[in-house]
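Subject: Structure handover

Hello,

Here is the structure for you to look through. Please open it next to this email and follow along.

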Amino acid sequence: MKAVLGVILFWVCFFTVGTSSYGDIPVSDSTRECLDCHAGIHPGIVEDWKKSQHGLVTPAQAMTVKGLARKVSSQTVPEKLKNVVVGCAECHTLRAKAHKDTSEHNGYDMHVVVSPKDCATCHTQEAEQFDKNL
């Protein structure tokens, strides 16, 4: 019986890990391109993102949270970011002209390093606090 359960568990994991199906999660077309390619190159990073708050909740949803549980401290978020989860493209193409490491990558101006000023798009208060620490 344990062997049968082990085989079933193996096949469930095999067919669910690394798939490019995101179900009801609203992923932008540009992030979907990133994920479809990078799932094969960096599967751990993609899987970690899928389980993260950024991969599960849109900024619009996060902005409905009240009190200390609210993680989006900005009062407004750019329209193009509001209704999709925060994926690769939402951060790594944001403010591309402000980054020295920006380069063309598969048709996108992409930077590797995401800075606190990028994060400030949704997390204004946290970015201000971080800025005072340095």
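Start with Glu 79 and Lys 82. These two form a salt bridge, with 3.7 Å between the closest N and O atoms. Keep in mind that this is a predicted model. Both residues sit in helix 6 (residues 79-82), three residues apart, which is about one turn of the helix. Glu 79 has 58% relative accessibility, so it counts as exposed. Lys 82 has 24%, so it counts as partly exposed.

How many salt bridges does the structure hold? There are three.

Another one joins Lys 50 to Glu 47, with the closest N and O atoms 3.3 Å apart. About one helical turn separates Lys 50 and Glu 47, because they are three residues apart in helix 3. Are they buried or exposed? Both Lys 50 and Glu 47 are buried.

Then look at Arg 95 and Asp 118. Their side chains meet in a salt bridge at 2.7 Å, N to O. This pair links distant parts of the chain, 23 residues apart. Arg 95 lies in the loop between helix 7 (88-92) and strand 1 (103-105), while Asp 118 lies in helix 8 (residues 116-119). Arg 95 has a relative accessible area of 33%, so it is partly exposed. Asp 118 is at 3% relative accessibility, so it counts as buried.

Next, the helix packing. Helix 2 (residues 29-41) packs against helix 3 (residues 43-51) at an angle of about 125°, and their axes are 6 Å apart. That angle makes helix 2 oblique to helix 3. Which residues make the contact? Helix 2 brings Leu 35, His 38, Ala 39, Gly 40 and Ile 41. Helix 3 brings Pro 43, Val 46 and Trp 49. By class, six of the contact residues are nonpolar, two are polar and none is charged.

Last, the nonpolar cores. The largest has seven residues: Ala 62, Met 63, Val 72, Val 77, Leu 81, Leu 94 and Cys 122. What does Cys 122 touch, leaving aside neighbours within four places in sequence? Cys 122 is in contact with Pro 59, Val 72, Ser 73, Ser 74 and Val 77. There is also a second, separate core of six residues. Among them are Leu 35, Ala 39, Val 46 and Trp 49.

Best wishes

Notes. Residues numbered from 1 in each chain as written. Predicted model: local features only at pLDDT ≥ 70, side-chain atom pairs only at ≥ 80, totals over all residues. Heavy atoms only, no water. Axes fitted to C-alpha atoms, helices over the stretch in contact; angles between N-to-C directions. Helix = DSSP H or I, 4+ residues; strand = E, 2+ residues; numbered from the N terminus. Parallel < 35°, antiparallel > 145°, perpendicular 65-115°, else oblique. Contact = heavy atoms within 4.5 Å. Nonpolar A, V, L, I, M, F, W, Y, C, P; charged D, E, K, R; others polar. Core = buried A, V, L, I, M, F, W, Y, C linked by side-chain atoms within 4.5 Å. Buried < 20%, exposed > 50% of the residue type's maximum accessible area, 1.4 Å probe, protein only. Salt bridge = Lys/Arg side-chain N within 4 Å of Asp/Glu carboxyl O.
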